[in-house]
Amino acid sequence: MSYKVEFKLAPAPDIEKIVSEELFKAATKTQDAWRDNLQEGIGATGEHGRPYVYTGESINRTNVYPELPGYDVYEVIGDTEQHFIAEFGREPSDTLPPYEPISTWARIKGLEPYEGQTWDAMVMNIRRHIATNGLKAFAPGLLAFETVIPTVERSIKSRFKEELETMEDSKR
C-alpha cells in the first residue's frame, strides 16, 4: 500500500530580514541609551553624580557598526578614553589626568579658583585629586545593554507575528 501526499507551503515572512532589522533597531536603541546615560551620568553600577566630562565627544563617538540594517551582528562601540573611564573607572596612580579635559570640565561646571589661586593651580589640584583617589566606574554602556537586550526577542516575535497577520489578511 502506498500513499501520495501533496502539500503546498504557504508564503512566510522573511525571518532573516526581520531579525536583522530588529537587531539593528536594538543596536540603535542601545546607542541612544548609552548616549543618554553618559549625558545623565547614570550607569549599571551607580551614578557619576553629574553629567560626564566631555559628553559631546563621547556621545558623538558612541556608534553602531555596521551602520545599516541587513547584517546579523551589530556592535555598539564607544572608542574614547571617556567611555573607558566611565565603564571601568580610573584607578589611583602616579599619572595625572590630562589638563585640557579637566580644565574644560571645570569651566562647564562653573568652578572658580579660591581667592589668590590661579586657574591653573585649581585645575592642578583637581588633577592631583583624581590621580590620588581615582574615579569610580558607573557603567553607562552596560546599563544601556541591560535595558535593551531583554526587549529584543519580544520585538522579533512581535514583528514576525505582525507580518504573518498581514500576509494572512492579504489572502482574504
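## Arg-90 and its surroundings

The side chain of Arg-90 makes a polar contact with the backbone oxygen of Thr-95 at 2.8 Å (an N or O pair within 3.5 Å; within protein, one atom must be able to donate a hydrogen and the other to accept it, and residues adjacent in sequence count only if both atoms are side-chain atoms). This is a predicted model, where local features need pLDDT of at least 70, side-chain atom pairs count only at pLDDT 80 or more, and totals for chains, interfaces and linings use all residues. Residues are numbered from 1 along each chain as its sequence is written, and side-chain values use heavy atoms, without hydrogens and water.

Arg-90 sits in the loop between helix H3 (81-88) and H4. Helices (H or I, at least four residues) and strands (E, at least two) are DSSP runs, numbered from the N terminus. Arg-90 is buried (under 20% relative accessible area, 1.4 Å probe, protein chains only). Arg-90 has no salt bridge (a side-chain nitrogen of Lys or Arg within 4 Å of a carboxyl oxygen of Asp or Glu). Glu-81, the nearest side chain of opposite charge, is 5.6 Å away.

## Helix H4

H4 spans residues 99-109. Its buried residues are Pro-101, Ile-102, Ser-103, Thr-104, Trp-105 and Ala-106. H5 is among the elements that cover them.

## Backbone exceptions

Ala-139 is not a glycine, yet its phi is positive, about 55°. Ala-139 lies in the loop between helix H5 (119-133) and helix H6 (140-171). Ala-139 is buried, at 3% relative accessible area.

The Tyr-65 to Pro-66 peptide bond is cis, with omega near -15°. Pro-66 belongs to the loop between strand S3 (62-65) and strand S4 (75-78).

Technical notes. Buried < 20%, exposed > 50% of the residue type's maximum accessible area, 1.4 Å probe, protein only. Contact = heavy atoms within 4.5 Å. Lys, Arg positive; Asp, Glu negative; His and termini not counted.
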